[in-house]
Amino acid sequence: MSVRTPLVPMLVLALVAATAQASDLDACNAAVPIPAITSTTMAEAKAYWLDARTVQWPGLKLQQGERLRLHHAKAARLRALTGEAVTGADGAIDLTPSATPLPARFRFIGDGPRFAVSGIDVAALLREQALLVHEGADGRVITSTGLQIPGALDDLYAAAEAVDHLGAQPGKSSTRFAVWAPTAQRLLLCRYTGAEAPAIAADAMRFDAATGVWRMELPGDLSGQAYRYLVDVVTPTHGLVRNLVTDPYSVALTADSQRSVVADLSSPALKPRGWDAAKRPDRVKAATDQVIYELHVRDFSIGDATVRPAWRGKYLAFTESASNGMKHLKALSRAGMTDVHLLPVFDLASVPERGCKTPAVPKAPPDSEAQQAAVMAVAADDCFNWGYDPWHFNAPEGSFSSAANDPFKRIVEFRQMVMALHQAGLRVGMDMVYNHTTAAGQHPKSVLDRLVPGYYQRLNAKGEVERSTCCDNTATEHRMMAKLMIDSAALWVREYKIDSMRFDLMGHQPREAMERLQKRVDAEAGRPVQLLGEGWNFGEVANGARFVQASQLSLNGSGIGSFSDRGRDAARGGSAGESGDDSLRRQGWLNGMVYAPNAMAASKPEELLTAADMIRVGLAGSLRGFELTTWRGEKKRLDAMAYGDQPAGFASEPNEVVNYVENHDNQTLFDINALKLPQATSREDRARVQMLGAALVAFSQGIAYFHAGQDILRSKSMDRNSYDSGDWFNRLDWTYRTNHFGTGLPPKQDNFGKDGRDWELAKERLARTADIAPGPAEIAWARDVFRDLLKIRASTPLLRLPSAAEVHKRVSFPGSGAGQNPVLIATRVDGAGLPGAGFKAVMTLINAAPTAQTLTLPGEAGARWVLHPVQRQGADARLRSEARARQGRFEVPARSAAVFVMQ
């Protein structure tokens with residue numbers, strides 16, 4: 001007997017299915033709007049899932065007869081108005097007190113009762129809107145809150161951490177897609193034939209309940225197809241939404257990051273000729289061998305007329321081997337520079353990849369407001385930004401490509417850049433920015449938070465995104481955000497041959513995650529990949545509030561480097577955040593503290609002595625256990641010396657400290673010296689002071705870090721924060737004719753100061769550009785002296801000892817202690833018994849004073865000290881003729897850094 005299905009219902013089902021498919025395709029083709037906040041949803045989330053079975057509500061106090069209920073609604077239309085009963089719920093459960101101890105990861109939350117969640121599928125619950133409601137005996141709302149979900153997701157989906165190959169994985173016979181989105185109610189894969197083409201499919205992906213990963217496998221190699229995910233998900237602020245979002249694991253993107261693109265990074269089509277066989281430079285045997293040049297891709301070539309116009313400001317400029325810029329880098333490499341560290345080159349949100357604008361900057365006086373006004377008028381749409389605006393972590397930035405419309409071109413050209421730098425003998429480092437995203441919530445440029453709302457960003461006690469970094473902080477203490485960071489870093493090492501990495505605001509990340517990252521990238525490369533970063537201690541994570549940070553004081557013993565502000569601040573004077581008259585009053589050891597006071601100087605002799613000792617801290621690698629006799633005559637370990645409210649010594653090994661006096665942040669050294677040096681200081685002496693700063697870095701134990709252009713007296717025309725100041729204030733001149741001091745007042749937004757005082761001080765100095773700005777002779781002198789310093793460090797292993805034990809054994813500071821001359825700092829490094837030391841001993845002497853200085857050391861009277869071979873033939877004629885060492889008497893010319901060796 002046969003059973004016939006009625007024809008009409010079958011047609012209805014088919015029509016419904018076709019309508020749904022058409023609706024999904026329409027959604028795949030939609031713009032990415034910011035949905036309106038619905039009046040029925042709550043933004044605050046004051047309670048926490050501690051794990052998948054326990055919640056805590058800090059501050060909650062239950063009285064007799066009151067209860068706590070967890071209400072939930074798939075359609076996210078809950079209403080919990082005070083004094084009324086909850087409406088819009090699909091169900092609710094009563095919660096009971098729990099004796100579960102507070103997990104260590106939640107030690108930062110306030111006191112409050114904990115409750116057990118039972119009798120419900122928590123995984124399903126997390127895909128709905130949920131509210132904790134404090135109810136009276138009559139069931140009416142007393143108060144309510146949302147819940148922060150990371151604790152539950154990390155508990156439920158721990159297995160996701162081991163999932164390989166998230167993102168799109170094309171193969172010969174099929175292409176696989178995988179995305180972690182455990183709170184999504186529905187997730188579709190939208191596919192397109194190209195960047196502007198309409199969707200050709202909206203395929204429902206399959207959910208894996210064990211990992212929270214949605215998957216899809218389709219026949220054929222789909223390389224070149226564009227795709228996005230269509231996600232039905234509940235958000236804390238907008239209720240149930242349908243988000244159209246790119247892949248957080250995208251390795252290729254259409255222009256302006258509108259769509260992800262399927263790409264096989266191992267495909268020969270995406271590799272320059274010779275890529276697989278190309279060798280990395282093998283010049284760094286220990287981390288302390290690193291000498292780093294921090295460089296922005298666009299700065300490097302945008303003003304270089306020897307680069308073909310279409311390649312200026314692009315990756316391909318590095319392949320112009322005969323350009324002025326590449327000649328400069330090659331010369332630095334020959335002198336001893338080991339690494340070029342590139343400011344952000346991942347996909348960033350702050351530069352249009354198509355149609356960026358170029359300001360028409362007028363010709364105006366050196367202290368005019370006109371230049372900055374023209375630059376800032378188009379700053380939001382121009383072609384420049386530092387790039388600390390991560391949009392997609394795993395894809396190269398398109399604005400640096402010669403063809404932003406081609407999603408594959410940027411991959412090939414990035415690799416060509418790396419090959420060119422490697423061929424020049426320079427390793428390639430990247431600036432890694434995982435501590436924040438460019439946007440969160442339902443912003444169109446938010447990726448992570450529109451995929452798994454409330455998980456990837458770090459939240460405050462109300463459930464709002466923390467912004468202490470500048471932008472929307474990420475939470476690398478959460479399992480899958482740490483995984484994303486580690487997977488991403490591994491990709492750059494594996495697929496782009498990145499040699500070293502600098503982590504922006506690394507102190508906002510857990511040490512444990514960074515150590516796992518270190519192991520992973522080392523394994524990918526088959527060799528050590530040096531990691532360093534900004535270990536600053538601030539914000540909601542400060543002092544280990546949420547986890548053991550990857551910060552200065554917490555990284556010791558990890559082998560990961562952290563920038564040192566000890567020597568930096570002592571040398572430059574003041575601090576990074578100073579403004580107004582303090583910018584003049586607070587001179588540094590380099591620029592005249594006490595010995596060459598400016599018109600507003602306020603330093604006392606004791607401050608100069610303290611600064612001199614802090615310079616020695618830097619020269620000794622800021623090592624915790626190193627002992628120094630201070631100007632007070634006290635012998636102290638460096639971790640017993642104070643640097644503000646922190647110990648001066650913070651590193652366990654020299655590879656954990658990065659020494660510098662200038663980088664992309666704050667004023668260049670030339671510009672800060674324009675503020676702090678006496679205004680009558682000659683152009684020649686300004687160049688000499690600049691090179692003393694370079695000598696401090698070159699002679700310090702640890703890792704040496706220089707800012708691009710520091711060697712040619714780079715100026716940003718007094719700009720203290722040039723992140724969005726356009727090409728005009730960020731240019732480099734490889735013809736060595738100008739350093740760009742006096743190209744107008746810096747942008748008002750970050751340089752005006754209280755009551756305009758910072759601008760006023762800048763204007764005073766810019767008006768004297770003819771007296772302050774160096775000419776070609778001073779620039780060329782600084783360039784050549786800097787290269788001599790690199791040659792000295794490269795040829796003198798005693799200046800880059802690999803271990804704390806060797807530093808303790810060999811480094812001393814003759815002339816330190818009570819009664820010292822604080823303007824002349826000597827460092828002696830003993831080479832006895834050290835294989836490959838090159839010299840029996842080395843003595844570096846840095847004289848900051850505008851007059852010659854002498855240091856007499858009776859214990860060296862019988863030793864034969866001679867000027868370092870590099871300086872005997874070097875660019876500094878003053879050193880060649882005036883620096884002497886005779887019978888323990890060392891004579892150092894004014895504002896000079898001399899190196900003597902015992903052969």
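Q: Is the disulfide of Cys-356 and Cys-383 left-handed or right-handed?
A: Right-handed, because the torsion about the S-S bond of Cys-356 and Cys-383 is about 90°. A disulfide here is a pair of cysteine sulfur atoms within 2.5 Å, and the sulfur atoms of Cys-356 and Cys-383 are 2.0 Å apart.

Q: What kind of model is this, and what pLDDT do local features need?
A: This is a predicted model, in which local features need pLDDT of at least 70 and side-chain atom pairs count only at pLDDT 80 or more, while totals for chains, interfaces and linings use all residues. Residues are numbered from 1 along each chain as its sequence is written, and side-chain values use heavy atoms, with hydrogens and water left out.

Q: Back to that pair. Where do Cys-356 and Cys-383 sit in the chain?
A: Cys-356 is in the loop between strand S21 (346-348) and H6, and Cys-383 is in the loop between H6 and strand S22 (390-396). The two are 27 residues apart. Helices (H or I, at least four residues) and strands (E, at least two) are DSSP runs, numbered from the N terminus.

Q: Is Cys-383 buried or exposed?
A: Cys-383 counts as buried, because its relative accessibility is 10%. Cys-356 has a relative accessible area of 30%, so it is partly exposed. The cut-offs are under 20% relative accessible area for buried, over 50% for exposed, and partly exposed in between (1.4 Å probe, protein chains only).

Q: How many disulfides does the structure hold?
A: Three. Numbered in sequence order, the bonded cysteines pair 1-2, 3-4, 5-6.

Q: Which cysteine does Cys-28 join?
A: Cys-190, at 1.9 Å from S to S.

Q: What about Cys-470 and Cys-471, left-handed or right-handed?
A: Left-handed, because the torsion about the S-S bond is about -95°. The sulfur atoms of Cys-470 and Cys-471 are 2.3 Å apart. Cys-470 is partly exposed because its relative accessibility is 40%, and Cys-471 is buried because its value is 13%.

Q: Let's look at H6. Which of its residues are buried?
A: In helix H6 (residues 370-377), they are Gln-371, Gln-372, Ala-374 and Val-375. Seen down the axis of H6, these fall within an arc of 160°, so they line one face of the helix. The arc is that of the directions from the helix axis to the C-beta atoms.

Q: What covers the buried residues of H6?
A: The cover includes helix H16 (748-751) and helix H17 (757-766). Contact means heavy atoms within 4.5 Å.

Q: What is in the loop between H16 and H17?
A: Asp-755 is in that loop. Its phi is near 55°, a positive value in a residue other than glycine. Asp-755 counts as exposed because its relative accessibility is 73%.

Q: Which other residue has a positive phi although it is not a glycine?
A: Met-718, at about 80°. Met-718 is in the loop between strand S34 (703-707) and H16. Its relative accessible area is 6%, so Met-718 is buried. As background, most residues other than glycine have a negative phi.

Q: New topic. How many residues has the largest nonpolar core?
A: It has 231 residues, and those with the most contacts inside it include Trp-49, Phe-177, Trp-492 and Phe-699. Helix H9 (residues 479-496) gives the largest share, 11 residues. Another core, of 16 residues, lies apart from it, with Met-843 and Leu-879 among them. A nonpolar core is a set of buried Ala, Val, Leu, Ile, Met, Phe, Trp, Tyr and Cys residues joined through side-chain atoms within 4.5 Å.

Q: And the open sheet of four strands, what is its order?
A: The order is S4-S3-S7-S8, with antiparallel pairing. Strand S4 (91-94) and strand S8 (141-145) are the edge strands, each pairing on one side only. Two strands pair if DSSP finds at least two bridges between them; strand S3 (residues 67-73) and S4 have four.

Q: Which residue in S4 stands opposite His-71?
A: Ala-92.
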